[in-house]
Amino acid sequence: MESYFLGRQPILDRNQNLVAYELLFRQEETQEAAKVTDDLSASANVIVNAYGRFGIQNVLGQQRGFINADLDLIMSDIISLLPSKHVVLEVRVPEQITVEFLQQCNELKQKGYQFALDNIVAIDSKIEQLLPIVSVVKVDVLALGADELEELVAALKRWPVLLLALKVESREQELRCKELGFQMFQGYYFAKPEVMSVKCTDPGKLSLLRLLTLVTDNLDHEEIEKEFKRQPGLSYNLMRMVNSVAGDLPRKINSIKHAITLMGREQLLKWIQLLLYTAGKSEDGIPSTRMQTAVERGKLMELIAAAERPHDKNHHERAFIVGILSLLDELLGIEMQQIVNKLGISDDMCLALVKREGRLGQALKLVEADEQGNGVAIQSILAGLGFLSLDEFTGIKIQASGWANQTGDIAN
């Protein structure tokens, strides 16, 4: 049994009533703060723990949860796993605000998600672009002098936002912030972060990949249910996740089959990918470079398959799985033949992974030749495939790399 941890710090109103919690990444029970080397990884862990391992009702009760959401998380599919009624997406101002980022934020806002700006000490042009989107501005009152704080609050009052006083450490600070019109408060003066813990069985990476394959192949629920039944910890995690997300249902989910049906195939895929992302971290929490390479391979394989058969979605998804699995022998120290036997995948996928044969195998050889910088082999394989030019291949490579860096959906 593994131990999992989650930090939460109360957010209070002007009368010191609890109105929300900020949910925090923690790696051990005694931590007051955590060293975060990968923002997306930390947020993914918070989401998996809060929804899957603890149960969101146990963590938040009837309150909202503020969850740190960096640019990668906002732009990824992970967001859609979070019910808008539960969360406030806490954003630090990114180094560069793109049109795509603003568009994604606006779309999420239209779906009911709320945003908070974190650690604000001044207003600049970038912050002004974000203020129309956000509902809450968290002001670092500890970093500002009395005049600076008053000036900042006066500027923020031009916008329809709630003001949250962050890092309040004394009664004097609280009273001053109340005088200035702050509506919410957070800081050590009220409460330090509490670290919650729970013991769960962590699903193995191979089990998750087997399940990912079943869902991708669009098999009926019975086959997927059988796989869950072989993994009690994973089944518990699924039912906790669905119960957390679907808290307003007239009755709780009490079977694996019911949970799978309610979550739906697309959401189930995202959830499994999120679990893969949080599984098997190295000791310092940094995602494996080889697993990140496997993720990029998966996307590149998918794009190659889409270029060959634009309307065959099943072919695209199987190509994606081949790319992800193609480094698993190296990552797990198990022969590829043993892996494909355990996963029970289709013959053409097996052929591609074990012998680099067939259409998927040729595509995988192309990807590997590119990673090795073997220009002669690249030209030869492209000529053999016959549907992709070097320029087109270069274009989809850039697309795959951008996708992998942006979403990190299945990094290890």
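Modeller: Buried means under 20% relative accessible area, exposed over 50%, and partly exposed in between, with a 1.4 Å probe and protein chains only. This is a predicted model, where local features need pLDDT of at least 70 and side-chain atom pairs count only at pLDDT 80 or more, while totals for chains, interfaces and linings use all residues. Residues are numbered from 1 along each chain as its sequence is written, and side-chain values use heavy atoms, without hydrogens and water.

Biologist: Which residues of α18 are buried?

Modeller: Leu360, Gly361, Ala363, Leu364, Leu366, Val367, Glu368 and Ala369. Helices are DSSP runs of H or I with at least four residues, and strands are runs of E with at least two, numbered from the N terminus.

Biologist: What span does helix α18 reach from its first C-alpha to its last?

Modeller: Residues 358-371 reach 20 Å, close to the 20 Å expected. The expected span is 1.5 Å times one less than the number of residues. Gly373 follows α18, with a positive phi near 70 degrees.

Biologist: Why is Gln9 called buried?

Modeller: Its relative accessibility is 8%, so Gln9 counts as buried. Gln9 sits in strand β1, residues 2-13.

Biologist: What makes the pair Gln9 and Gln186 a polar contact?

Modeller: Their side chains come to 3.0 Å. The cut-off is a pair of N or O atoms within 3.5 Å; within protein, one must be able to donate a hydrogen and the other to accept it, and residues adjacent in sequence count only if both atoms are side-chain atoms.

Biologist: Why is Cys105 called buried?

Modeller: Cys105 has a relative accessible area of 2%, so it is buried. Cys350 is also buried, at 18%.
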